[in-house]
Every structure is written in structure tokens, then in C-alpha cells.
Amino acid sequence: MATEYAFESGLTRRAFLAASGAAAMLLAAKPQLSWAENEFSITTRPQGFDVINRAIIEAVQLHLFPDDGDGPSAKDLNAYRYLLWAIEDPDNRIDEDRQFILQGAAWLEDWADTQRGRSFLVLSWDEQDALLKEIAKSRAGENWLSLLLYYLIEALTLDPLYGGNPDEIGWRWLEHQPGFPRPIAGKSYLDF
């Protein structure tokens, strides 16, 4: 019996999120991060979100929420900008999300070079997709992709004040009515 994937069944992202409660589940319980020392092969720790790390992370975000006509893409959601804002949250700093995301980007780039002899950024869409499926088989890779997806779901569902969901694009796609009162500049989550 052949395996049927969600994208082959006609199940849309919106239907998946609504039917499974995935958004609520992801927002309620952020993935617990861990990696074994032997799962990363890079020898230096990345220090920041430079142009290479940004390009890698944005490319991976687009694989997780592509521009495929089935709802807003990661780019439409302003997911990268939201990610930069969110990882500065004191709780996320304690969880070392910033370091883990950077470590994963460096690991992915190293893996692409090792496996394909080229940068992840110059691989075709299909080659990138295949590489992401390979790393998802490891615990560290699955955790890294889950954390990026967690922040994508936040960018989809949170108030635009926080940098994602511009013009309420995610809410409109989900047909979501936000709660009241909505946060205002100077009186938002991080201001308290």
C-alpha cells in the first residue's frame, strides 16, 4: 500500500490546522530543545544572524510555509522579522532558542556541503527539500525544524504588533477574529 501524504490528499494547511488543533498545540507547548554533541559536525559556533544565516533560515521557512497558493507563505507572514523579535524574549533567551537556530543553520550548511558539495543556498528547491527531509530524520534536525515551525505558527497567529502577520493576513486566512482589547505599542507583552 502506497503512503499518501497530506499534500497528495487534498488536505490544505488551513484544514490541517483547523482539524488538528495544531496551532493551539504548537503555541501551548514549544518544542523542548536538545542536541547530542555528536549530532553537529561544525567546529565553530555561529555568532549572529549574518546574511548567510538569514538566507538559510528564510529558505527553510519557505519550505515549511511555501508560496504555493494555499495560504500565506513565510515571506507573506514576515516570519523572519518575527523570529528575530521573538528570540529576544527573555524566556526564549533562557531556552537558548537563538543559539539553537543559528547552530541548526550552520549545521544545515555544513551538511549540504558534505552531502552535495555545495551551499544549501545554491541547491535547487527539490535538492533543498530532499536535504531537509534527510536532516529531519535526526533528533537535532527534527527539533530544529520544529522550532522554526513553532515560530512560523506564532507569526501566523499573533497580533501584527509583534512583527508577524502583517495586515492581519494570517487571521484573514484562518478566518480568525482577534480578541479584544488588542495590544498597543508601549503596552504589549514584552513591555510588562
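Start with the surface of the whole protein. Its accessible area comes to about 11000 Å², and carbon and sulfur atoms account for 53% of that. Keep in mind that this is a predicted model.

Now switch to a cartoon view. From the N terminus on, the elements read α-α-α-α-α-α-α-α-α-α.

Next, colour by burial. Of the 192 residues in the protein, 39% are buried. Then look at contacts between residues at least 6 apart in sequence: 69% of them join residues at least 24 apart.

Which residues have the most contacts inside the largest nonpolar core? Select I57, V60, I101, L108, F120, W144 and Y151. The core they belong to has 38 residues. Stop at α9, which gives the most, with 10 residues. In soluble globular proteins, nonpolar side chains tend to be buried together.

Zoom in on I101. Leaving out residues up to four places away in sequence, I101 touches F49, I57, L83, I87, W144, L147, L148 and Y151.

Last stop: S138. Find this residue in the loop between α8 and α9. Is S138 buried or exposed? S138 counts as buried because its relative accessibility is 19%, and the cut-off for buried is under 20%. Now show its side chain. A polar atom there lies 2.9 Å from the backbone oxygen of I135.

Definitions and conventions:
Residues are numbered from 1 along each chain as its sequence is written. This is a predicted model: local features need pLDDT of at least 70, side-chain atom pairs count only at pLDDT 80 or more; totals for chains, interfaces and linings use all residues. Side-chain values use heavy atoms; hydrogens and water are left out. Helices (H or I, at least four residues) and strands (E, at least two) are DSSP runs, numbered from the N terminus. Buried means under 20% relative accessible area, exposed over 50%, partly exposed in between (1.4 Å probe, protein chains only). Contact means heavy atoms within 4.5 Å. Accessible areas come from the Shrake-Rupley method with a 1.4 Å probe; for residues, only the protein chains shown count as cover. A nonpolar core is a set of buried Ala, Val, Leu, Ile, Met, Phe, Trp, Tyr and Cys residues joined through side-chain atoms within 4.5 Å. A polar contact is a pair of N or O atoms within 3.5 Å; within protein, one must be able to donate a hydrogen and the other to accept it, and residues adjacent in sequence count only if both atoms are side-chain atoms.
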